[in-house]
Amino acid sequence: MTYRSPVTDIRFILDHVVPLAPVAATELFAEATPDMVEAILTEGGKLCDEVIAPTNREGDLTPAKLENGVVRSPAGFKEAFAALAEGGWIGIAADPEHGGMGLPQALNVGFNDMLSGANLSLQLSPLLTQGQIEALEHHASDEIKALYLPKLISGEWSGTMNLTEPGAGSDVGALKTKAVPNDDGTYAISGQKIFITWGDNDCVENTCHLVLARLPDAAPGTKGISLFMVPKLIPDADGKPGVANSLKVVSLEHKLGIHGSPTCVMSYEGATGWLVGEENKGMAAMFTMMNNARLNVGAQGIGVAEAAYQQALAYAKDRVQFAPIVEHADVRRMLACMKAEIFAARSIALACGVAIDMGRATGDANWQARAALLTPIAKAYGTDMGIRVASTGVQVHGGMGFIEETGAAQYLRDVRITTIYEGTNGIQAMDLVGRKMMDEGKAAFRLLQEIEDEAQGARGDFPVLAEDVWQAAEELREHTEWMVSRGMQDRFAGAVPYLDAFARVLGGYYHLRAAMAEGRDSARGHLAAVYIRRLMPAYAASLAEAKEGAEGLYALSVEDLEA
């Protein structure tokens with residue numbers, strides 16, 4: 001199957017569903033004209049289709065490997081990465097001061113969506129570099145910015161994040177990596193990190209690690225964590241990669257999927273590092289990188305779902321069982337639902353990107369709150385949906401989906417990690433009902449009011465669909481009121497189904513907007529009906545579960561679970 005980037009869908013969403021026009025109207029993003037947006041999406045799609053996608057299968061079949069302490073990338077990855085770097089694609093949203101394009105984050109999300117569909121294993125490298133760029137832009141000293149940002153943006157160097165340790169996963173505060181001050185203002189970093197995506201590779205001159213570590217006598221927990229830049233090769237006086245730092249790749253993880261992406265166990269043995277941000281404030285700096293990555297991991301789920309859907313559709317058109325199986329009602333149902341879910345998740349992710357851009361360009365607190373609210377939803381729904389769609393893609397193939405030669409299984413294996421990356425989806429949901437509702441739900445209520453107002457206005461053209469969306473938003477409002485009235489344990493017990501319900505309602509809203517843009521008897525109108533009438537109703541069951549609270553869960557003891 002030949003992958004085709006969803007340029008038309010992304011452009012339609014940015015024109016009609018979550019318009020980019022208000023972003024382009026700001027002084028900060030004035031260069032994001034319609035012609036520029038068209039050029040970025042078209043050329044980015046062409047790169048993904050013609051250069052990146054052909055490497056995807058090879059990366060799965062001949063994974064990255066560790067040879068004599070050096071990580072070797074799969075065949076074709078080095079050339080594909082070079083094309084990404086030479087085109088400036090890593091720096092789409094980066095500051096022009098250091099060589100970036102300075103374009104909206106929404107466009108970067110759209111590109112990462114296409115790039116993930118082309119080759120998720122390869123996309124992970126620029127994804128992490130983009131997150132590191134943003135963290136350095138916000139928190140690093142001028143000297144570190146001047147040295148590292150141009151190299152990261154150009155793709156000459158790549159970036160990683162080093163959080164997880166054998167005894168410190170989601171509980172980052174339990175980390176044991178140490179940072180001891182040297183006499184010259186640098187620090188000696190010692191410890192082990194695991195699950196370090198693209199911790200080393202042969203596609204770039206230097207790999208730059210952002211490492212969380214604890215200074216001597218620092219407070220326990222997250223309050224005592226600092227962040228350090230620890231390059232593989234220490235830059236010389238001219239800023240070029242110099243002597244090797246005291247760090248190494250111990251091994252590569254053997255994974256379910258994303259075989260082309262080297263996931264490393266890293267050992268730091270008194271490695272030289274430079275402080276990024278303030279002492280003991282490392283989590284704030286790292287969260288800048290993680291928030292960037294969370295939205296774009298949501299885009300990963302969407303991109304892989306798109307590729308899985310395209311392959312399933314092509315197979316269904318060719319496979320004959322009495323007739324081409326695309327004509328069978330259940331297969332048609334699966335394909336329609338796959339397409340409808342992808343559109344919903346893509347719209348949510350792009351809406352989050354637009355909110356980030358508006359918040360940054362205007363400083364408006366409401367836009368910033370909207371971006372914060374949508375980030376965990378975009379990440380969790382995009383990746384949950386990615387798994388559902390990739391699994392359905394295997395089902396459309398029937399027995400052939402379970403055979404590796406067709407490639408359908410690779411999408412399911414690859415996308416499975418995305419619900420775990422950058423904070424599991426359970427953590428995303430707890431963030432939504434916890435930190436993101438410390439405002440007593442005001443940001444959520446503003447969004448729900450917007451949905452109800454637009455649904456009310458759509459009743460003339462789409463009376464049934466508009467009523468369904470309005471009613472769903474009203475029920476979500478009532479359950480949000482209940483959620484913010486409860487203690488954290490009850491909120492957390494219902495957080496995952498609540499997030500799913502919120503995403504379902506948002507998906508219905510964006511599908512309704514798409515239908516309004518094209519009219520009643522249009523393809524998007526019919527797709528909206530599929531989503532709103534067949535998929536969105538799941539919100540009601542999710543809300544019922546969300547309102548059960550924690551008591552019933554803890555009534556079932558650990559002993560009961562073991563019985």
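A cavity, as the word is used here, is a set of grid points where a 1.4 Å probe fits but cannot get out. This predicted model holds three cavities of 30 Å³ or more.

Start with the largest cavity, which has a volume of about 40 Å³. Its lining is made up of Asn56, Ser116, Gly117, Asn119, Leu120, Val304, Tyr411 and Asp414. Two elements, α6 (105-118) and α12 (408-415), each give two or more residues to that lining. Sorted by class, the lining residues come out as three nonpolar, four polar and one charged.

Now over to Asp200. You'll find this residue in the loop between β5 (187-197) and β6 (206-214). Is Asp200 buried or exposed? Its relative accessibility is 3%, so Asp200 counts as buried; the cut-off for that label is under 20%.

What does the side chain of Asp200 reach?

Leaving aside residues up to four places away in sequence, Asp200 touches Gly69, Val70, Val71, Thr207, Lys232, Val249, Pro262 and Cys264. Both Val71 and Lys232 from the table turn up in that set of neighbours. So does Thr207, and the strand β6 spans 206-214.

Technical notes: Residues numbered from 1 in each chain as written. Predicted model: local features only at pLDDT ≥ 70, side-chain atom pairs only at ≥ 80, totals over all residues. Heavy atoms only, no water. Helix = DSSP H or I, 4+ residues; strand = E, 2+ residues; numbered from the N terminus. Buried < 20%, exposed > 50% of the residue type's maximum accessible area, 1.4 Å probe, protein only. Contact = heavy atoms within 4.5 Å. 1 Å grid on protein atoms, 1.4 Å probe; cavity = no way out; pocket = protein on both sides within 12 Å on 5 of 7 lines; lining within 4 Å. Points joined across faces, edges and corners; volume = space filled by probe spheres on them. Nonpolar A, V, L, I, M, F, W, Y, C, P; charged D, E, K, R; others polar.
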